[in-house]
Amino acid sequence: ARIAKSSQLIKLASPIIGNLFESFGGSRYIVALYDADGYHLLRLAQPEDLRFREKQGLRMGLCFDEHCLGTTGFGLAKRMKRSMRMVGCEHYLSILHHISGVYAPIFYPRTRDVIGVIAVGGTVLVEYPQAESIVVAASTAIENLIELDQAKNEMLIYSKSLQIAIDSLEDGVMVVGQDGRIREMNLAAQKAIGLDYYLNEGVDLVDLPQCRLLAEIVTQILQN
């Protein structure tokens, strides 16, 4: 249920998490994506690293929120709403003392609520001076993808609503592009002209014998 709830975040973040893993060498660190409650949604690491952490008790399903494990990199990044560096013993729980890393929150673009956290960590401190900037850039890229995905979905809803509204009109309505090709057509227009929109979408009006007069009118309008 938790994975399903975060399916959009997982889908949009997965390629970026993969690139982030490769940018840090793909072998020395674990790259993780947490949901807003502190549970892992994704973990990328070498199999032996994942097995080692499983033996340490750091398994999938473990909650990293401060209410469960005390001070953690995830918890600080979420609470402070900014990127953080954490060195082993700064974590409250002893099983996390061998882990150091960089954490960056992911914000829901419109409300700025924290919806997740990206982490890059390992048994040694992330040594790259620019590590924090890279992780922040990754979180920002995910936020941008979420915003674009929302805009796309809203445009789709608007388009469907507009089509329903146009179809409800008794008068025929046709939308023609500047190239003279059919873009939209309501049901009344289909019946009046004898066209099936789904078969004629993108067809040039001049290529339809029954629309030649209409094509001449549209051509004159476009030229003016």
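D179 is partly exposed, at 40% relative accessible area (buried means under 20%, exposed over 50%, and partly exposed in between, with a 1.4 Å probe and protein chains only). D179 forms a salt bridge with R181, with 4.0 Å between the closest N and O atoms. A salt bridge is taken as a side-chain nitrogen of Lys or Arg within 4 Å of a carboxyl oxygen of Asp or Glu. R181 is also partly exposed, with a relative accessible area of 33%. The model is predicted: local features need pLDDT of at least 70, side-chain atom pairs count only at pLDDT 80 or more, and totals for chains, interfaces and linings use all residues. Residues are numbered from 1 along each chain as its sequence is written, and side-chain values use heavy atoms, with hydrogens and water left out.

The count comes to nine salt bridges. One of them joins the side chains of R2 and D37, at 3.0 Å from N to O. R2 belongs to helix 1, whereas D37 sits in the loop between strand 1 and strand 2, so the pair ties together parts 35 residues apart in sequence. Helices (H or I, at least four residues) and strands (E, at least two) are DSSP runs, numbered from the N terminus. R2 is partly exposed at 34% relative accessibility, and D37 is partly exposed at 35%. Salt bridges that share partners join R2, D35 and D37 into one network.

A further salt bridge links R85 and E132, at 3.6 Å from N to O. R85 lies in strand 3 (residues 84-86) and E132 in helix 6 (residues 131-167), so this pair ties together parts 47 residues apart in sequence. R85 is partly exposed at 30% relative accessibility. E132 is partly exposed, with a relative accessible area of 24%.

On a 1 Å grid over the protein atoms alone, a pocket is an open set of points with protein on both sides within 12 Å along at least five of seven lines; a cavity is a set where a 1.4 Å probe fits but cannot get out; lining residues have an atom within 4 Å of a point. Grid points are joined across faces, edges and corners, and a volume is the space filled by probe spheres set on the points. Helix 1 (2-5) and helix 2 (7-23) each supply at least two lining residues of this pocket. Helix 2 gives the most, with three. The pocket lining divides into five nonpolar, three polar and four charged residues. Ala, Val, Leu, Ile, Met, Phe, Trp, Tyr, Cys and Pro count as nonpolar, Asp, Glu, Lys and Arg as charged, and the others, Gly among them, as polar.

One cavity of 30 Å³ or more is found. The largest cavity holds about 210 Å³ of space. Of its 20 lining residues, I30, Y34, H40, I99 and Y103 are the closest to the centre. Strand 1 (30-35), strand 2 (40-44), helix 5 (73-80) and strand 5 (114-122) each supply at least two residues of this lining. The cavity lining comprises 12 nonpolar, six polar and two charged residues.

The whole structure has zero disulfides (a disulfide being a pair of cysteine sulfur atoms within 2.5 Å). The sulfur of C63 has its closest cysteine sulfur in C68, 3.5 Å away, too far for a bond. C63 is buried, at 9% relative accessibility. C68 is partly exposed, with a relative accessible area of 49%.
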